[in-house]
Amino acid sequence: ARPESEQAAFHDVGGDAGATSTLLTNYLRAAGVTPRPPVATALFYGIKSDTRDLGREVGPWDVEAYRWLIPLTDMPLISSIEHPQLPRAYFDVLARSLRNVRLHGNVAVLDLGKVYVPELVPEMADKLMTVEGVKWALCAGEFEGHVYLSVRVGDKRMRSVNILRDRLDPLNAGSAGGHGSMAGARLEIKKLGKNPAERAKVRRRIMGELVEDMGGTVDGEPLLAPPRKPAAE
């Protein structure tokens, strides 16, 4: 347990669980509580999404909790959660993302700028991991006074959360957490500098240092080739 955990009224550290929902499910089972469908559905989706359908950072606890929740879960609701109608702003972010992704060797980097929901940051980090040849992904976005960072790596032994904490803890601007293959952080923008130019400089430095920690090349190249100029007539 970290010092912050020791100060909490209750802390649960350790165990082979890939999702917080797995821990909550185990607490309910230990107390003899069977959750109603809305709660069971939320817990089931938490395990499903955190472990990417039991394919990432998964342990025996996750599998057992997943199986126990299946008969209690509203599956049509799960389908509507996973395949929702999306606002136009989402596609604007998606188009901007494709234009702005930089490849530093096997490290994909994306700074989304301002986003309309912070969940877009980890979602885009996951998408970057599907690019052929990419072993690391780093995504950043700004939402309501905070900078959100998400890191993904193809090998959970790399301990991505340690890399984030080593770089961000000295700033004393927020917190980081996660697993070996996935980690995230939230930083208060106002603690990164006194003015926008200073904060932008610190942000670029942080992302550059993280790329270096991941073994990426100094110079990056765009994921997409720039559009061709029309031939002169």
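**Pockets, a cavity and selected residues**

User: Which element gives the largest share of the lining of the second largest pocket?

Analyst: Helix H9 does, with 6 residues. Helices (H or I, at least four residues) and strands (E, at least two) are DSSP runs, numbered from the N terminus. This is a predicted model, in which local features need pLDDT of at least 70 and side-chain atom pairs count only at pLDDT 80 or more, while totals for chains, interfaces and linings use all residues. Residues are numbered from 1 along each chain as its sequence is written, and side-chain values use heavy atoms, with hydrogens and water left out.

User: What volume does the second largest pocket have?

Analyst: Its volume is about 280 Å³. His104, Val109, Met207, Gly208 and Val211 are the closest to its centre among the 15 residues that line it. Strand S1 (102-104), strand S2 (107-114) and H9 each give two or more residues to this lining.

User: How are pockets and cavities defined here?

Analyst: On a 1 Å grid over the protein atoms alone, a cavity is a set of points where a 1.4 Å probe fits but cannot get out; a pocket is an open set with protein on both sides within 12 Å along at least five of seven lines, and lining residues have an atom within 4 Å of a point. Grid points are joined across faces, edges and corners, and a volume is the space filled by probe spheres set on the points.

User: And the classes in the lining of the second largest pocket, how many of each?

Analyst: There are 5 nonpolar, 5 polar and 5 charged residues. Ala, Val, Leu, Ile, Met, Phe, Trp, Tyr, Cys and Pro count as nonpolar, Asp, Glu, Lys and Arg as charged, and the others, Gly among them, as polar.

User: How much space lies in the largest pocket?

Analyst: About 1,900 Å³. It is lined by 50 residues, of which Ser49, Asp50, Arg56, Arg152 and Met182 are the closest to its centre. By class, the lining has 18 nonpolar, 14 polar and 18 charged residues. H7 provides the largest share, 5 residues. Other elements that supply at least two residues include helix H2 (20-30), helix H8 (160-168) and strand S6 (182-188).

User: Now the largest cavity: which residues line it?

Analyst: The lining consists of Val147, Leu149, Leu187, Leu192, Arg203, Ile206 and Met207. By class, these are 6 nonpolar, no polar and 1 charged. The cavity has a volume of about 40 Å³, and the count is 1 cavity of 30 Å³ or more. H9 (196-213) and strand S4 (146-153) each supply at least two lining residues, with H9 giving the most, 3 residues.

User: Where does Met214 lie?

Analyst: Met214 is in the loop between H9 and strand S7 (221-222), and it is buried, with a relative accessible area of 6%. Not counting residues up to four places away in sequence, Met214 touches Val107, Trp136, Leu138 and Val151. Its C-alpha atom is separated by 9.0 Å from that of Asn106, 108 residues apart along the chain.

User: What about Thr51: which loop holds it?

Analyst: Thr51 lies in the loop between helix H3 (37-50) and helix H4 (60-69). At 0% relative accessibility, Thr51 counts as buried. A polar atom of its side chain lies 2.7 Å from the backbone oxygen of Ile47. Apart from neighbours within four places in sequence, Thr51 is in contact with Gly18, Arg56, Glu57, Val58 and Asp62.

User: Last topic: how many aromatic pairs are found?

Analyst: A search of the whole structure finds 3. One of them is Phe44 with Tyr66, whose ring centres are 4.6 Å apart with planes at 35°, so the pair is tilted. Rings of Phe, Tyr and Trp (its six-membered ring) pair if their centres lie within 6.5 Å; planes under 30 degrees apart count as stacked, over 60 as edge-to-face and the rest as tilted. Phe44 in helix H3 and Tyr66 in helix H4 are 22 residues apart, and the pair links distant parts of the chain. Phe44 and Tyr66 are both buried.

How values were computed. Buried means under 20% relative accessible area, exposed over 50%, partly exposed in between (1.4 Å probe, protein chains only). A polar contact is a pair of N or O atoms within 3.5 Å; within protein, one must be able to donate a hydrogen and the other to accept it, and residues adjacent in sequence count only if both atoms are side-chain atoms. Contact means heavy atoms within 4.5 Å.
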